[in-house]
2 protein chains.
Amino acid sequence: MDHSIIDSKACFTTPHDAQACNKRIMAIHDTLYVLGGKWKISIITSLGFGKKRYSELLREVKGISGKVLSRELKEMETNLLIKRTVLDTQPIAVEYELSEYCENLLPVIYNLAEWGTEHRKKIVSVP
Amino acid sequence: MDHSIIDSKACFTTPHDAQACNKRIMAIHDTLYVLGGKWKISIITSLGFGKKRYSELLREVKGISGKVLSRELKEMETNLLIKRTVLDTQPIAVEYELSEYCENLLPVIYNLAEWGTEHRKKIVSVP
DNA sequence: AGTAATGGTGACATTTAGGTAACCAGCTCC
DNA sequence: GGAGCTGGTTACCTAAATGTCACCATTACT
């Protein structure tokens, strides 16, 4: 019963059961995948300030290409993080916005930001 | 002053200041990088159950190659997540363990696991 | 008819991450 | 001296992520 930090901190609920352990690892990788890559965080941040059209995102998320933007948006839509609405204006306009479901993700992102900020300080201060 | 979810949930501290925004995005990517890739979470999980030697990790982290393991360990060491101790036994043995600093990361990982678990349920239940 | 804006898509090239297998030094056992 | 263990490193190769650039249909304006 001496498995150190993880159990003692009650951060990992299940101990040495390989299957539960693997499920947990997969869950973590799922989340990392949903948030990972070069652009997702920027897109979420941009949409965090309000709904945007495709061309607005293309302008605001600096450096992204049209192809990658549309792919990322599609993926985030199938992950239910984003709502896509086609307006029947002339010419046609498409609006993207964060979904309500995406709100669950914001505290997670917040923690990533906090830890990253502190970590950067820590690393640059190391001799 | 209508920038929706993010501010209303107080999840992003600073509003529409581009520089602060970018710093935050970088911080998030730092964290994602520290935890990202195919193996880091598995290594942390394995070391979470107690200190391990190189060859033990090679056996327990199933599928990893020696090259990648040593690279990941080095990187995690420079990120101060891991302590490396050379024991002067014969033959020489090297022990790896999670650092105290790494404990700060465990709640973050915990959140990733929780969200990932719920998200998987959500996605498979979608029509 | 020509130009520009909308929201994209497709073929291809490049970059990065990860995998394979051979090799090495130091030591021990036989 | 040969085989086997330790903890690695190296050169080379494949696969995945990302970037570039050309292209498309629709509508509107001039």
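Two residues are said to be in contact when heavy atoms of theirs lie within 4.5 Å of each other. The structure examined here is a predicted model, in which local features need pLDDT of at least 70 and side-chain atom pairs count only at pLDDT 80 or more, while totals for chains, interfaces and linings use all residues. Residues are numbered from 1 along each chain as its sequence is written, chains are lettered from A and ligands numbered from 1 in the order in which they are written, and side-chain values use heavy atoms, with hydrogens and water left out.

His119(B) is buried, with 5% relative accessibility, where buried means under 20% relative accessible area, exposed over 50%, and partly exposed in between (1.4 Å probe, protein chains only). With neighbours within four places in sequence set aside, the contacts of His119(B) are Val34(A), Asn79(A) and Tyr101(A).

How are the two chains related? A rotation of 180° with 0.0 Å of shift along its axis places chain A on chain B with an RMSD of 0.1 Å, by least squares on the C-alpha atoms of residues with pLDDT of at least 70 in both copies. This is the relation of a two-fold axis. Both copies use the same surface, as 97% of the contact residues of chain A recur in chain B.

Turning to the strands, chain B holds an open, antiparallel sheet of three, ordered E1-E3-E2. Strands E1 (52-53) and E2 (82-87) of chain B are at the edges with a single partner strand each, so one side of each has no neighbour in the sheet. Strands pair if DSSP finds at least two bridges between them; E2(B) and E3 (residues 93-98) of chain B are joined by six, in the antiparallel sense. Within this pair, Ile82(B) stands opposite Leu98(B).

The interior can be described next. A nonpolar core is a set of buried Ala, Val, Leu, Ile, Met, Phe, Trp, Tyr and Cys residues joined through side-chain atoms within 4.5 Å. The largest one has 62 residues, among which Ile43(A) and Ile43(B) touch the most other members. Beyond four places in sequence, Ile43(A) touches Val61(A), Ile64(A), Leu69(A), Glu72(A), Leu73(A), Met76(A) and Ile82(A).

Finally, Cys21(B) is buried at 14% relative accessible area, and Cys102(B) is buried at 0%.

Notes
Helices (H or I, at least four residues) and strands (E, at least two) are DSSP runs, numbered from the N terminus.
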